[in-house]
Amino acid sequence: MPNYRRNRVPGGTYFFTVTLADRRSHALTDHVEALREAVRRVQQARPLRIDAWVVLPDHLHAIWTLPEGDADYSSRWREIKKAFTRAVGGSAWQRGFWEHTLRDERDYTAHVDYVHINPLKHGLVERVRDWPYSSFHRAVAQGVYPADWAGDGVGDIAAGDP
């Protein structure tokens, strides 16, 4: 996609997919603390609100809202990737990432659901609540979802890509 242009909306909310170079790797879940520390460091230096997040063995999905007037998510991802790679060694990431600017409340809700259903969709768990590397648990604590959301299988909700 040589002509791909990123959409940048200052203070916008974005959905991201970021993937490891080796799709058979489990580096993200094996080194989840290094990833968390990389995100914490970047978030301290360049604030962002994490609306939803899920870490899978070889990729992650995130929804961020940037501060008013700020549309620079690319440098944040670059710094997260660099810090994680320094901590675990090797060249861990695919170049770039996939981004989608969330347009409205319906789009936002569909993508938050997609983030949280992803471990179930990939067959990593039988219930969403069983995946430890997800903001789903925070959302349950905040009353956004019931603890048994999505039941015991993907067929319980529409789990297709948003």
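## Exercises around Trp77

Leaving aside neighbours within four places in sequence, Trp77 is in contact (heavy atoms within 4.5 Å) with Phe16, Val18, Trp53, Leu60, Ala62, Trp64 and Phe97. The model is predicted, so local features need pLDDT of at least 70 and side-chain atom pairs count only at pLDDT 80 or more, while totals for chains, interfaces and linings use all residues. Residues are numbered from 1 along each chain as its sequence is written, and side-chain values use heavy atoms, with hydrogens and water left out.

**Exercise 1.** Describe the ring pair of Phe16 and Trp77.

*Solution.* Start with the general rule: a pair of aromatic rings is described by the distance of the centres and the angle of the planes. Rings of Phe, Tyr and Trp (its six-membered ring) pair if their centres lie within 6.5 Å; planes under 30 degrees apart count as stacked, over 60 as edge-to-face and the rest as tilted. For Phe16 and Trp77, the centres are 5.4 Å apart and the planes make 70°, an edge-to-face pair.

**Exercise 2.** Is Phe16 buried or exposed?

*Solution.* Recall the cut-offs: buried means under 20% relative accessible area, exposed over 50%, partly exposed in between (1.4 Å probe, protein chains only). Phe16 is buried, and Trp77 is too.

**Exercise 3.** Which cluster do ring pairs build?

*Solution.* Ring pairs link Tyr14, Phe16, Trp53, Trp64, Tyr73, Trp77 and Phe97.
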